[in-house]
Amino acid sequence: MTTTRTREPTFFGQPRVLANLFGVELCERFSFYGMQLSGLFAALWMRLGDRQPSTPVKFAAGTIIMGVAFLLFLPFAGTGANSVPLPGLAGIILVFTIVELLLSPVGLSLSTKLAPAAFRTQMVALFLLSVALGPAMSGTLARYYSADQEVAYFGVLGIIAIAIGVLLWLISRPLQRLMGDVR
């Protein structure tokens, strides 16, 4: 005899956010943030020039902010259907997008700058492989998600990310020295 098990949705907002605007079901992701903010971040880094934070500091800040983004789920943890305001979820996704803009283009640039000329393509591929590990890891971590244990789930993820970010911040100067002139 085969039994079927229904799975909870792993997208936090799906059962809770009434994502409907004038009868149109809204998409789960707000990808327009990335398109809007990427130019702003590029302009910011260009404007700061040599005064911009080093790459290890950008990675540390991105990791800490990622932890904060997980903690932002806590006020909505354990709530019922249609209980999370769409602007709240959109705000959390905005924070995740800021993290993405601190990590992805910076890491891609770094992988080409640090690689020997003959191996730039391989280093970019290695960077993209590391980016691919994120969704794989989130799929693994999603197994531990339970609507009954949301506070612990998001709290632990947030605290771990913040701790890793602080550790990166603490070792950012030695990392920068290893990187030489590359910022």
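Q176 lies in helix α6, which covers residues 172-179; helices here are DSSP runs of H or I with at least four residues, strands are runs of E with at least two, and both are numbered from the N terminus. The model is predicted, so local features require pLDDT of at least 70 and side-chain atom pairs count only at pLDDT 80 or more, while totals for chains, interfaces and linings use all residues. Residues are numbered from 1 along each chain as its sequence is written, and side-chain values use heavy atoms, with hydrogens and water left out.

Q176 counts as buried because its relative accessibility is 14%; buried means under 20% relative accessible area, exposed over 50%, and partly exposed in between, with a 1.4 Å probe and protein chains only. Beyond its neighbours within four places in sequence, Q176 is in contact (heavy atoms within 4.5 Å) with S54, T55, P56, V182 and R183. P56 is 120 residues away from Q176 along the chain, yet their C-alpha atoms are separated by 6.7 Å. D181, in the segment after α6, is exposed, with a relative accessible area of 81%. Its C-alpha atom lies 9.8 Å from that of L114, at a sequence distance of 67 residues.

The protein chain as a whole has six helices and two strands, in the order β-β-α-α-α-α-α-α from the N terminus. Of its 183 residues, 32% are buried. Among contacts with a separation of 6 or more, 77% join residues 24 or more positions apart.

Helix α2 has 17 residues, and its first and last C-alpha atoms are 24 Å apart, close to the 24 Å expected at 1.5 Å a residue; the expected span is 1.5 Å times one less than the number of residues. Buried residues of α2 include T55, P56, V57 and K58. Helix α5 has 21 residues and should span 30 Å at 1.5 Å a residue, which agrees with the 30 Å between its end C-alpha atoms. Its buried residues include Y153, F154, L157 and G158, and the cover over the buried residues of α5 includes α2 and α4 (120-142).

In soluble globular proteins, nonpolar side chains tend to be buried together. The largest nonpolar core has eleven residues, namely F70, F73, F76, V84, L89, I92, I93, Y145, Y153, F154 and L157; such a core is a set of buried Ala, Val, Leu, Ile, Met, Phe, Trp, Tyr and Cys residues joined through side-chain atoms within 4.5 Å. Helices α3 and α5 (150-170) each supply at least two residues of this core. One of its members, F70, touches F96, F154, L157 and G158, leaving aside residues up to four places away in sequence. A second, separate core of six residues includes L37, F41, W45 and L101.

The second largest pocket holds about 300 Å³ of space. On a 1 Å grid over the protein atoms alone, a pocket is an open set of points where a 1.4 Å probe fits, with protein on both sides within 12 Å along at least five of seven lines, and lining residues have an atom within 4 Å of a point. Grid points are joined across faces, edges and corners, and the volume is the space filled by probe spheres set on the points. Of the 17 lining residues, W45, Q52, K58, V106 and S109 are the closest to the centre of this pocket. Helices α1 (32-48), α2 (55-71) and α3 (86-114) each supply at least two residues of the lining, and α3 gives the largest share, six residues.
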